[in-house]
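The sequence and structure come first.

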Amino acid sequence: MTQPPLCRIENLSVTYAGATQPALDNVSLTLARRRRLAIIGESGSGKSTLARRLAGLLPANATSSGTVLWNADPKLETDAAFPRAGRDIGYVFQDPGASLNPVLTLGEQVAEGAVRHLGLSWKEALAHACNLMEQVQLPHPSALLKAYPHQLSGGQRQRVAIACAISARPNFLIADEATSALDTITQAAITRLLDRLVSENNMTLVFITHDIALASSLADDIAVLKSGKLVEAGKAADVLSNPAHAYTKRLIAAHLDLSTPRLIESVL
Ligand SMILES: Nc1ncnc2c1ncn2[C@@H]1O[C@H](COP(=O)(O)OP(=O)(O)OP(=O)(O)O)[C@@H](O)[C@H]1O
Ligand SMILES: [Mg+2]
């Protein structure tokens, strides 16, 4: 029997107080289980708004209409509201510095999700945190439990933020430009890490990126947003090789323009 999708988004709109245009405008999209969806689109097109709405993390000045129907996981279905970030949904933000608390140890921060949502004692959760530090390939995990965010590099901090995001073993991970604040080599390492963790833990991944090459290498599916509207969605290979919408063609061309000028030259 085929499994139902993880989530169906129907006619979703989000407007921020005082804005003349909705940040998301009547978006409908299905998230298939255990697939990786890249959301692409220019700055301000509504990518983070969509991700935050999925995770229940919209700020108080946002109003939302339409439905987000979680119908795949019995654990999610029994919840009166939609799934919770931190428990059912892991969320990795662009800036690991901003998402980690400077005055708590890394161990406390990684263990917290497991204490709160898996019912572990602090002692058990710290052992769990140590395993997670290993999973995200941080050196000297037990010593790191007692360290603070400022003692790590940006890439290491993002690894800790990922460990925090998966601490309660969510089956759905959202990464909002999780690699864009990092240098190119660290970006590639964090991308490989996300790729491996998502596969090993059978997670569904939604990731937001400006990087078409990243979308092409990591995504099964791609959704394209423009001014809050979903202009195109489909299998990554189809969208990238045969974009239906002129806007998607422009995004791809802009990427080729920036990253591979020779390719452009050879096409012209
Ligand atoms: N907290 C907020 N309050 C008011 N307006 C907001 C807020 N967050 C986003 N917006 C507005 O909503 C629209 C969509 O923003 P959003 O952050 O979702 O875009 P984005 O595609 O993630 O952009 P970027 O690529 O720059 O991160 C923009 O016009 C933005 O100014
Ligand atoms: Mg954004």
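## Basis of the model

This is a predicted model, in which local features need pLDDT of at least 70 and side-chain atom pairs count only at pLDDT 80 or more, while totals for chains, interfaces and linings use all residues. Residues are numbered from 1 along each chain as its sequence is written, chains are lettered from A and ligands numbered from 1 in the order in which they are written, and side-chain values use heavy atoms, without hydrogens and water.

## The sheet

Six strands make up an open sheet of mixed pairing, in the order 5-6-7-3-8-9. Strands (E, at least two residues) and helices (H or I, at least four) are DSSP runs, numbered from the N terminus. Two strands pair if DSSP finds at least two bridges between them. The edges are strand 5 (89–92) and strand 9 (229–235); each has a single partner strand, so one side of each lacks a neighbour in the sheet. From one strand to the next, the twist averages 15 degrees.

Within this sheet, strand 3 (residues 36–40) and strand 8 (residues 221–226) run parallel and are joined by four bridges. Ile40 has Val224 in strand 8 as its bridge partner.

Helix 7 lies across strand 5 and strand 6 (172–176), at about 165 degrees to strand 5. Angles run from 0 to 180 degrees between N-to-C directions, and axes are lines fitted to C-alpha atoms, for helices over the stretch in contact.

The axes of helix 7 (residues 154–165) and helix 8 (residues 184–200) come within 10 Å and cross at roughly 15 degrees. On the helix 7 side, Gly155, Gln158, Arg159 and Ile162 meet Thr186, Ala189, Ile190, Leu193, Leu194 and Leu197 of helix 8, contact meaning heavy atoms within 4.5 Å. By class, this contact has six nonpolar, three polar and one charged residues. Ala, Val, Leu, Ile, Met, Phe, Trp, Tyr, Cys and Pro count as nonpolar, Asp, Glu, Lys and Arg as charged, and the others, Gly among them, as polar.

## Helices 4 and 5

Helix 4 (residues 106–118) and helix 5 (residues 122–135) have axes that come within 8 Å and cross at roughly 120 degrees. That makes helix 4 oblique to helix 5.

Residues of helix 4 in the contact include Leu106, Val110 and Leu118, and those of helix 5 include Trp122, His128 and Met133. The contact residues divide into 12 nonpolar, two polar and two charged.

Terms used:
Parallel < 35°, antiparallel > 145°, perpendicular 65-115°, else oblique.
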